[in-house]
Structure formats: structure tokens, C-alpha cells
Amino acid sequence: VVYLSLASIAHNRIDDRLRHEAAEVKSLVALQRVSNIQNALSEIANAEGTGLVFYRIVKEDGTSIAESDATMWTGLNADKDVLRALNEPFFATMKIPPGAEPLRVMYSRLGSGMVLQAALRQEHELQPLHDLQGILIVVGVAGLAASCLMGWIAAKRVLGPLDRMTRIAQSIAAGNFDDRVAMVSEDAELDRLAGAFNTMLDRIQLFMRELREMNDSIAHDLRTVLARMHLATGSRRADPRRGQ
């Protein structure tokens, strides 16, 4: 968000600078004769730096009237489609040649059928933004690495006790009811979960003990009854008259 905000401000400043340059050229052209327009453009471009800015005044059909030093601006031509449809200042970003640093180009009417084409190299204006981008990339990568490390540590801290609970649950499923989950003093939520788990195990173990005792009691009673029945059956076999 910070980078996008600063980028928008930087690009708006570039456009404002081009508008200011266009206003200055327009005022100079209004004071100069057509024969002196070339000298006026050259003076303005030389003051700014011919490698940094470029000015060209053309007719609506694209015919050049005057331009500043174009030695470092080879390939930058007036767009006839833009000239035909131009009603208000038009801005475009382009690369001449392709792959080169971007240029910001503005078209603005000067009156009397003339149009100003002004171009500005953005690299110098956007260099602080590029430096900030590099800083943000480094900080972002470092932050991502740190967040991944912290996430791994947090996941290990949380999943470790859960993994122990899983192993204990598997041990209980195998019939061992004596295991318990160790409490984790650093995490109150896991402590509550471990406490609830251990309470459940205590109740299950108590239930199994009572069930075992009840089974033993039932088995003992059944053995007693069967023993008595066996004795009664044996005594009847021994005394046939009883059976009659």
C-alpha cells in the first residue's frame, strides 16, 4: 500500500511537471515568431538537459514545425491517431526502443493548429521509488522467511501435544488404560484439553475396573450356582430312590 501510494504520487508529479513545461513552452511560443520557435525549444531543453527532456511542435497532420535536440530520442515519433483525436492533454508511457527505460510523453494543443509533444525520461524521477522497491523486496523476503519460521515453531508447539495425545489414544485402543497426557504449562488451552482427556481416561479406567469387578462377581455367583447344581445332580445319581 505504501509503495503503490508513493508510485501514484511520483507519476502524478511527472505529469504535473510536463503540464508545467507545456505551459512554459506555450507562453514562449506565443511571444516568438514561428522562425524563432526552434531556438526557444532548444533553450528550454538545454536548460533541463537534452538527454532528460524532449520537445517537439507539430501540426495536426504530424508535420514537424520545430523540435529540440533529438539525438538521444531516436524512434520517438508523433502519434497521428492521438493528434487527430486530441482535445485535452494526453499522457502515455512508452519505451523507445522496446526494453529501454520508460518515457512519459504528453500531447497538448498550443493553438493555431499546433500541438506540443513533450517527453520526459522517468528513470531519474522514479529512482527513489525503485530504491524503495528494492528495500521492500528485501524486507518482504526476510519477513516471509521469519513468518514461516515462526509458523513452523508455533505449529510444532501446538501439534506436539496433539501428537502425544494421538499416541496415547492409540495405546488406549490397544488396551493400556494407565497412560496419561502430560500437561503443557506454556499453553492454557492445551492444558485444558489434556486435563479433559485425562479426566475422560480416569472415568473410562474406573468404568472398566467396575465392569471387571462386576464380571468377576457375576462369574463367582455363576460358579457357586453351577457348583450347587452339580452337587445336587451328583447326589441324585448316587441315590436312585430319591429320583423315584
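The model is a predicted one.

I will start with the sheet. Five strands form an open sheet, and going across it the order is S2-S1-S5-S4-S3, with antiparallel pairing. Which strands stand at the edges? They are S2, residues 64-67, and S3, residues 90-95. Each has a single partner strand, so one side of each has no neighbour in the sheet. From one strand to the next, the twist averages 25°.

Strand S1, residues 53-59, pairs with S2 over three bridges, in the antiparallel sense. If you want a place to look, find Val58, which stands opposite Ser64 in S2. Helix H2, residues 37-48, packs on the sheet and touches S1, S2 and S5. The direction of H2 makes about 160° with that of S1.

Glu67 and Arg56 meet in a salt bridge, 2.9 Å from N to O. Glu67 is in strand S2 and Arg56 is in strand S1, 11 residues apart. Is each of them buried or exposed? Glu67 is partly exposed, because its relative accessible area is 24%. Arg56, at 9%, is buried.

Now the other helix on the sheet. Helix H1 covers residues 2-31 and lies across S1, S3, S4 and S5, where S4 is 102-111 and S5 is 114-121. H1 runs at about 35° to S4. We can check its length. At 1.5 Å a residue, the 30 residues of H1 should span 44 Å, and the end C-alpha atoms are 44 Å apart, so the two values agree.

Which residues of H1 are buried? Among them are Ala7, Ala10, Ile14, Leu18 and Val25, but also Asp15 and Glu21. I will take those last two in turn.

Asp15 is buried, with a relative accessible area of 9%. What does Asp15 pair with? Asp15 forms a salt bridge with Arg104, and the closest N and O atoms are 2.8 Å apart. Arg104 also counts as buried, because its relative accessibility is 14% and the cut-off for buried is under 20%. Asp15 lies in helix H1 and Arg104 in strand S4, so this pair ties together parts of the chain that are 89 residues apart in sequence. As background, side chains of opposite charge can pair when their charged atoms come close.

Glu21 is buried too, at 4% relative accessible area. What does Glu21 touch, leaving aside neighbours within four places in sequence? Glu21 is in contact with Ile44, Glu48 and Tyr55. With Tyr55 there is a polar contact between the two side chains, at 2.8 Å. Glu21 and Ile44 are 23 residues apart in sequence, while their C-alpha atoms are 8.8 Å apart in space.

How many salt bridges are there? The count comes to five.

Technical notes. Residues numbered from 1 in each chain as written. Predicted model: local features only at pLDDT ≥ 70, side-chain atom pairs only at ≥ 80, totals over all residues. Heavy atoms only, no water. Pairing = 2+ DSSP bridges. Helix = DSSP H or I, 4+ residues; strand = E, 2+ residues; numbered from the N terminus. Axes fitted to C-alpha atoms, helices over the stretch in contact; angles between N-to-C directions. Contact = heavy atoms within 4.5 Å. Expected span 1.5 Å × (residues − 1). Buried < 20%, exposed > 50% of the residue type's maximum accessible area, 1.4 Å probe, protein only. Polar contact = N/O pair within 3.5 Å; in protein donor to acceptor, adjacent residues only side chain to side chain. Salt bridge = Lys/Arg side-chain N within 4 Å of Asp/Glu carboxyl O.
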